[in-house]
Amino acid sequence: MWMSYGAKDVIHKIFAVWFPIMAFVVAGYEHCVANMYYFSIGILAKTNPVYAEIGHFTEEKLSHISIGSMIHNLIPSTLGNIVGGALFIGCMYYLAFKRIPAKVSANNTVKM
């Protein structure tokens with residue numbers, strides 16, 4: 001998202017957002033908010049045969065969807081998102097934009 005702020009026009013903003021998200025999905029990583037959406041859609045499909053038919057879900061796939069499996073998935077993915085966001089993204093931004101204090105000499109002039 002930070003890359004989109006640096007883009008000058010809409011096309012570059014779209015590319016700046018699209019490709020990192022696509023790489024995240026293609027790599028097989030999970031996002032807790034996206035998983036919450038998928039589980040709610042799965043539970044709707046499990047309780048309504050019309051949704052299951054539209055989504056081409058089999059009974060075998062729908063049998064794995066439950067509140068327990070949702071919790072079993074959301075706890076590790078949420079912790080992973082927190083750790084990944086804080087360490088990898090937060091630390092990289094800190095290292096990239098940290099301020100180095102200027103040195104003050106004996107006669108109180110600032111040296112860069």
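**Figure 1. Lining of the largest pocket.** Of the 23 residues that line the largest pocket, Pro20, Ile21, Phe24, His31 and Ile89 lie nearest its centre. A pocket is an open set of points on a 1 Å grid over the protein atoms alone, where a 1.4 Å probe fits, with protein on both sides within 12 Å along at least five of seven lines; lining residues have an atom within 4 Å of a point. The model is predicted: local features need pLDDT of at least 70 and side-chain atom pairs count only at pLDDT 80 or more, whereas totals for chains, interfaces and linings use all residues. Residues are numbered from 1 along each chain as its sequence is written, and side-chain values use heavy atoms, with hydrogens and water left out. Helix H1 (2-6), helix H2 (10-26), H3 and H6 each supply at least two lining residues, and H6 gives the most, with seven. Helices here are DSSP runs of H or I with at least four residues, numbered from the N terminus. By class, the lining has 16 nonpolar, six polar and one charged residues; Ala, Val, Leu, Ile, Met, Phe, Trp, Tyr, Cys and Pro count as nonpolar, Asp, Glu, Lys and Arg as charged, and the others, Gly among them, as polar.

**Figure 2. Surroundings of Asn81.** Asn81 is found in helix H6. Leaving aside neighbours within four places in sequence, Asn81 is in contact (heavy atoms within 4.5 Å) with Phe24, Glu30, His31 and Cys32. Asn81 and Glu30 are 51 residues apart in sequence, with a C-alpha to C-alpha distance of 8.1 Å.

**Figure 3. The largest nonpolar core.** Cys32, Phe39, Ala45, Ala52, Leu62, Ile65, Met70 and Leu74 form this core of eight residues. Such a core is a set of buried Ala, Val, Leu, Ile, Met, Phe, Trp, Tyr and Cys residues joined through side-chain atoms within 4.5 Å, where buried means under 20% relative accessible area with a 1.4 Å probe, protein chains only. Helix H3 (32-47) and helix H6 (67-97) each supply at least two core residues; the largest share, three residues, comes from H3. Beyond residues up to four places away in sequence, Leu62 touches Gly42, Ala45, Lys46, Ala52 and Phe57.

**Figure 4. The second largest pocket.** About 160 Å³ of space lies in this pocket, which is lined by Asn35, Tyr38, Phe39, Ile41, Gly42, Phe57, Lys61, Ile65 and Asn73. The largest share of the lining, five residues, comes from H3.

Methods. Buried means under 20% relative accessible area, exposed over 50%, partly exposed in between (1.4 Å probe, protein chains only). Grid points are joined across faces, edges and corners, and a volume is the space filled by probe spheres set on the points.
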